[in-house]
Amino acid sequence: MTVLDLAAVEALARRAHAAQTDKAGRPYTEHLAAVAEGVRRRGGSDEQTAAAWLHDAVEDGAVSEEWLEGSELPRAVKDMVLAVTKRPGETPEDYAARILATPGALLVKESDLAHNSDPERAKELDEATRSRLAAKYARMRALLGIEA
């Protein structure tokens, strides 16, 4: 089996999310690139960077869990992507526990939360959405033991 390299993972993620926009109407791939760059800047491995590119792929329906499992990605990348994939009806506590229990996943989620909480990104949102998301992200940082 040939393992996908980072360039191939980035290309795959960009294709899978090409039609998506974020809550502010920006191309969703900008978020993926920022999370991957955040992982790299924080000293993350290539596997963590690959997981960052794919961190929302299953949750957003860009790829299926079955596709991920059958893909030519290292097991660690698959595990991290699945760890940061929210599940319907899951409590924040259970979600955080899974991230903490999965090697490498915390750094991916930390980078995701950092970009989601970026004031420059948040300023595009209405006040109610900005406040709701700020509280949600602060709670998750607390559950994960990440300082703001």
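Q: Which residues count as positive and which as negative here?
A: Lys and Arg count as positive, Asp and Glu as negative; His and the chain ends are not counted. The place of a charge is NZ of Lys, CZ of Arg, CG of Asp or CD of Glu.

Q: How far apart are the mean positions of the charges?
A: They are 3 Å apart, for 20 positive and 26 negative charges.

Q: What should I know about the model itself?
A: This is a predicted model: local features need pLDDT of at least 70, side-chain atom pairs count only at pLDDT 80 or more, and totals for chains, interfaces and linings use all residues. Residues are numbered from 1 along each chain as its sequence is written, and side-chain values use heavy atoms, with hydrogens and water left out.

Q: OK, the fold. How many helices and strands?
A: Nine helices and zero strands. Helices (H or I, at least four residues) and strands (E, at least two) are DSSP runs, numbered from the N terminus.

Q: How compact is that?
A: The radius of gyration is 15 Å, close to the 15 Å from the globule rule for 148 residues, so the protein is as compact as a globular protein of that length. The radius is taken over C-alpha atoms, and the rule is 2.2 Å times the number of residues to the power 0.38.

Q: How much of the protein is buried?
A: 41% of the 148 residues. Buried means under 20% relative accessible area, exposed over 50%, partly exposed in between (1.4 Å probe, protein chains only).

Q: And the largest nonpolar core, how many residues?
A: It has 37, and Leu54, Val81 and Leu144 have the most contacts inside it. Such a core is a set of buried Ala, Val, Leu, Ile, Met, Phe, Trp, Tyr and Cys residues joined through side-chain atoms within 4.5 Å. Helices supplying at least two residues each include helix 1 (6-16), helix 5 (75-83) and helix 9 (127-144).

Q: What does leucine 144 touch?
A: Beyond neighbours within four places in sequence, Ala96, Ile99, Leu100, Leu106, Lys109 and Leu113. Contact means heavy atoms within 4.5 Å.

Q: Back to helix 5. Which helices do its buried residues pack against?
A: Helix 3, helix 4 (65-70), helix 6 and helix 7. Val77, Met80 and Val81 are among the buried residues of helix 5.

Q: Where is valine 84?
A: Valine 84 is in the loop between helix 5 and helix 6.

Q: Buried or exposed?
A: Valine 84 is buried, at 4% relative accessible area. Not counting residues up to four places away in sequence, valine 84 touches His55, Glu59, Tyr95, Ile99, Ala105 and Lys109.
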